[in-house]
Amino acid sequence: MVDEILRSLAIRLDEEFDEELMRDYVTESIVEIKDYLNYGDNPLPNSLASIVKKMAMAKYNTFSMAGIKSESYNGFSQSLHENILTVEELKQLRSKRKLPK
């Protein structure tokens with residue numbers, strides 16, 4: 001799943017990206033989702049790949065901006081959102097959640 005997601009992210013990104021860092025974020029996102037869903041060592045369904053991509057991209061894009069909520073420079077302002085996933089994506093995750101054993 002990790003390699004497929006990395007290939008997809010490479011297509012989406014316009015610029016060169018640090019593949020090792022992105023691989024780490026993809027793996028971290030998978031682990032976080034599996035922990036939330038109580039999946040243990042079971043693989044994630046492919047239907048959750050888009051959520052993994054979104055989480056990894058958000059981590060990658062905010063890597064150098066840790067602790068910054070907004071910034072402004074020469075009339076250009078940027079705000080960082082704390083909520084990465086939409087309500088629909090959270091519902092999708094909850095629908096796959098297993099009860100802890």
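## A loop residue with positive phi

Asn 38 sits in the loop that links helix 2 and helix 3. The model is a predicted one. Asn 38 has a phi near 60°, a positive value in a residue that is not glycine. Its relative accessibility is 29%, so Asn 38 counts as partly exposed.

## The nonpolar core

The largest nonpolar core holds 25 residues. Met 22, Val 26, Ile 33 and Leu 44 have the most contacts inside it.

What does Met 22 touch, leaving out residues up to four places away in sequence? The list includes Leu 6, Leu 9, Leu 13 and Phe 17. Met 22 also touches Ala 56, Met 57 and Tyr 60.

## How helix 2 meets helix 3

Two packed helices are described by the angle between their axes and by the distance between those axes. The axes of helix 2 and helix 3 come within 8 Å. They cross at roughly 130°. Helix 2 and helix 3 are therefore oblique to each other. The crossing of helix 2 past helix 3 is right-handed.

Which residues make the contact? Helix 2 supplies Leu 21, Met 22, Tyr 25, Val 26, Glu 28, Ser 29, Ile 30, Glu 32 and Ile 33. Helix 3 supplies Ile 51, Val 52, Met 55, Ala 56, Met 57, Lys 59 and Tyr 60.

Is Glu 32 buried, partly exposed or exposed? Its relative accessible area is 35%, so Glu 32 is partly exposed.

With neighbours within four places in sequence set aside, Glu 32 is in contact with Met 55 and Lys 59. Glu 32 and Val 52 are 20 residues apart in sequence. In space, their C-alpha atoms are 9.4 Å apart.

## Ser 8 in helix 1

Ser 8 lies in helix 1, which spans residues 2-12. Its relative accessibility is 15%; because buried means under 20%, Ser 8 counts as buried. The Ser 8 side chain makes a polar contact with the side chain of Lys 53, at 3.0 Å.

Definitions and conventions
Residues numbered from 1 in each chain as written. Predicted model: local features only at pLDDT ≥ 70, side-chain atom pairs only at ≥ 80, totals over all residues. Heavy atoms only, no water. Helix = DSSP H or I, 4+ residues; strand = E, 2+ residues; numbered from the N terminus. Buried < 20%, exposed > 50% of the residue type's maximum accessible area, 1.4 Å probe, protein only. Polar contact = N/O pair within 3.5 Å; in protein donor to acceptor, adjacent residues only side chain to side chain. Core = buried A, V, L, I, M, F, W, Y, C linked by side-chain atoms within 4.5 Å. Contact = heavy atoms within 4.5 Å. Axes fitted to C-alpha atoms, helices over the stretch in contact; angles between N-to-C directions. Parallel < 35°, antiparallel > 145°, perpendicular 65-115°, else oblique. Left-handed = near helix turned anticlockwise from the far one by under 90°.
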